[in-house]
Amino acid sequence: MSTQCPACSRDDFTVTGLSQHLAKSRNPHCRALYHQSRSQVHTRDQRDEPDEPTAEDEPGYEVDEPGYEVDEPGYEAEAGDEDDDEGWNFEPEWEPPVEDRVEDATMDDIEDLADEDEAGWEDQRRAHQDIQARVQGQRGCVVVPYPDLRAGQQITRGCAANAEYEAHLANEEENVYHPFASKMEWEVARWAKLRGLSSTALSDLLAIEGISERLSLSFKNANELNAIVDHGLPTGRPKFKREQIVVAGEAFDIYYRDVIECVKSLYGDPDFAKYLAFAPERHYSDEDETIRLFHDMHTGKWWWDTQKKLDKDNPGGTIIPIIISSDKTQVTLFRNKSVYPVYLTIGNIPKEIRRKPSRGAHILLAYLPCTRLQHITNKASRRRTLANLYHACLRRVLAPLKSIGVDGLRMASGDGALRRCHPLFASFVGDYPEQLLVTGIKFGECPKCDVDADDTGSNTAPFHLRNLTKVLDALAALDEGNLSFVRACAAAGIKPIVHPFWEDLPFTNIFRAITPDVLHQLYQGLIKHLLGWLSAACGGAEIDARCRRLPPNHHIHLFSKGITCLSRISGTEHAQICRFLLGIVIGIRLPNNLNAGRLLRAVQGLLDFLYLAQYPCHSLESLQLLDDALDLFHENKDIFVDLGIRSNFNLPKLHAARHYSAMIMMFGTTDNYNTEYTERLHIDFAKDAYRATNHKDEFVQMTRWLERKEKIIRHDKYINWRCAGAEETMPYHLCPPDMTFRRLQSVSKHPTAKAVSIDKLIEDYGATYFREALARYITQLNHANDPIPLHSQTLDVLAQDVHFPFRTLPIFHRVKWLSVDARGHGDATATLDSVHARPQCNSGSSLRPRRSDTALVSISGNPDVVSIEGVRVGQVRVIFSLPSKSVPLLFSPTVKVPTHFAYIEWFEPFTSAPDRHHGLYKLSRSLCGGEKVASIVPLANIVRSVHLMPNFGAVVP
């Protein structure tokens, strides 16, 4: 028999369901009724059993939480608009009061309750904003070194890497380019080996009569060049070895390098010498050392804790964290040809260098066998054999780490400093299938913790890191026979893998070593799911129509055909979609007229988590924001259940998000171990290498091609060192990323249009009030130092007397913001942002529409200090400069005149708070008498571009 809620008239409840509905409802009428009834229950409980605490006195039963949403009084609850009540048990149980008691809950009570929740939400929002401001304004830190100063200390100094390389060249002559005869010959060789030119193409080029003679080349074809590279250049990185691994009675070929030599190569690279971290540190944002920072790997807890364990027996060692990544990739469009590369890098190298493939901070460690074992017909046996083959190969490759990781080995960094180094396996980077393969966990379960597969969609289900000791005991049961081994592994929750590669590695916990994967877990995982859910909820046609109507922006990729019809969406495309996804679902109509508030909060929570997870530097405070964002999604995810889109959220990738905070504290921020970087390595180490072969016995050719390429790269570093004067690098101090994200504003040296009349600016650029705005700005700047500021009316009167000594102006169609190498890593300059202001023009056979981007403009006079209170949004119509001859005629000599200006049409100032459902601000154009408000500002006052989303309403017109 169903029971009706006396507050909202919903009539599909059981008695228990009604109690839980009232306790959790966002409807203020229901909540007021619940509070009134709770007070009655408390009174009765206190009268009958005064010594027993009630449920609300216990932790975890607080219902009126700060920030919990309350709709306006008068809201009529829709059926199915509440969260899923299954699984909740509120104590003590109570009976609903009779209907006439609802009159006791006056509107004043309801409004007081709503005010309390509104104040709580506002306090939470402000607290979050304060944390964001502190994190984004982070510059510098308090460094607490490791207590034992012997950790990471050098023992002695030997020969620097470049000097040692020079000694191996056997260059008797003073030829910088030896073994190449001249600079020209070296440049041709470098171009041939680094620009993807095939051996046949190079030989054909050099066979042209006169080419070799005119270029003064000593080699006449590709084979002669290869001979010079093979015998004349020292070995930059270790050579590959070919070995056979026998599994299940069958032999498989593996091509691999000595892992210790690979570590030495990276650790001793002269380009990395001054950036290496040798000992763990704790970084804090405050002098009191209360707010800890996490960024590079040496600031995480793993390095500090492992150093303590190592120091018990071998104090004074230098840990080299080994980061391993493996991923099978296809190298042909047809025939399904694949290779299985394994990559290695070390955590001593800063993450900003490691994440750039062009810096060479990763090394190809091995090519694993790619067999499909089609002759094994039983699928379970085939999967088991493939897993054992994978672990047998990696076990052979990583075997040297067992003893050297404990005992240590003297290694020289690029500057020649010798330290006792301990290479230790620290973390594994891979997608979900690779994580399962490495850990031996079954599909659908978490590779890190013991949470039940049916609880992976919960944000409150308890979990613990998998018990490594229990797993190792199960693996040791192999000696007791196959049946005992299989049963022991099943009891430990893993697959029966024969001697996994991590079994004997020192200081290794494979379940802790599994790291977050932003690319596959978030972009290709949760965001991919979210797009499908939103398409089902809102309709693909409506979403695509909104995508087609988005205005352009530097950061926005416009999908002219929409996003729901795309197939095989890449991680980059998912990242581009995320930038406008929340904006296009605001105001959209849901089936059955369900309230879209929960949908917006769920999308906001997931997107906030996505972007917070990618911060290059985290504090303990910002990690709390990360967890809060995930909680926001979980609190509102049931809207997809109510819409009939999902029945549960048991997704391993969703559960993996619960580990992000702990893993950031353990190994540093997620840009230390993102699979996006290793996916990019497939191009250099797999796809390009395969294309350079004749596709017969390809691995021999691929490894040889790669060795030659690495020799050329190493020789190029040596030549650059010699040409720079053979100077040794200066010491460098590691510091956290500059979270102020400083950028350099840049305008082209010459204007896009040298002479544009003011009439053209009004007609073609849309600068309707350009004359008035410029005259007003000139007057204002000339009277900026007056003791009494001019009134608006006085300013308008004086501006009428300004006459322009020019007819045309130089116009620029774009302003850019360039990256700043804040950490001194030698990063190349890149364009981070831009604002366009151009008229309609012809572009080939098509017509390019006028583009006037919107931007954040500083109104505080200091563009370096950015806050919501200090900026306004404006639409940039014109970017211009004044003719140099006109400046003395318009301004007094004491006035400092900017070099570039912008004509801005203003939007209203930001409101005091964003919308509570989606966290975005609502803006409208600033009007005066129905006309747009515009002014001239110095171009330097433009802080950055900003993307405004149209208010589409329920349905796109």
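In this predicted model, the side chains of Glu698 and Lys337 meet in a salt bridge, with an N to O distance of 2.6 Å. The pair links distant parts of the chain, since Glu698 lies in helix H27 (residues 698-723) and Lys337 in the loop between strand E8 (329-330) and strand E9 (338-346), 361 residues apart. Glu698 is buried, with a relative accessible area of 9%, whereas Lys337 counts as partly exposed at 26%.

**Other salt bridges**

- A search of the whole structure finds 33 salt bridges, and one network of such contacts links Lys351, Glu352, Arg355 and Asp671.
- The side chains of Arg396 and Glu243 form a salt bridge at 2.9 Å, N to O; because Arg396 lies in helix H12 and Glu243 in strand E3 (residues 241-247), the pair ties together parts that are 153 residues apart in sequence.
- Arg396 is partly exposed, with a relative accessible area of 33%, and Glu243 is likewise partly exposed, at 24%.
- Within helix H5 (residues 183-194), Arg190 and Glu187 lie 3 residues apart, about one turn of the helix, and their side chains meet in a salt bridge of 2.6 Å, N to O.
- Arg190 has a relative accessible area of 25% and is partly exposed, as is Glu187 at 29%.

**Surface patches**

- Lys379, Arg383, Arg384, Lys442 and Lys495 form a positive surface patch, in which Arg384, a residue of helix H12 (residues 379-398), counts as partly exposed at 40% relative accessibility.
- Trp191, Leu205 and Ile208 make a nonpolar surface patch of about 270 Å²; Leu205 is placed in helix H6 (residues 199-207) and counts as partly exposed at 31% relative accessibility.

Key:
Residues numbered from 1 in each chain as written. Predicted model: local features only at pLDDT ≥ 70, side-chain atom pairs only at ≥ 80, totals over all residues. Heavy atoms only, no water. Patch = residues over 30% accessible without salt bridge, like charges linked within 9 Å, V, L, I, M, F, W, Y side chains within 5 Å. Areas by Shrake-Rupley, 256 points an atom, 1.4 Å probe, with all protein chains shown as cover. Salt bridge = Lys/Arg side-chain N within 4 Å of Asp/Glu carboxyl O. Lys, Arg positive; Asp, Glu negative; His and termini not counted. Charge placed at Lys NZ, Arg CZ, Asp CG, Glu CD. Helix = DSSP H or I, 4+ residues; strand = E, 2+ residues; numbered from the N terminus. Buried < 20%, exposed > 50% of the residue type's maximum accessible area, 1.4 Å probe, protein only.
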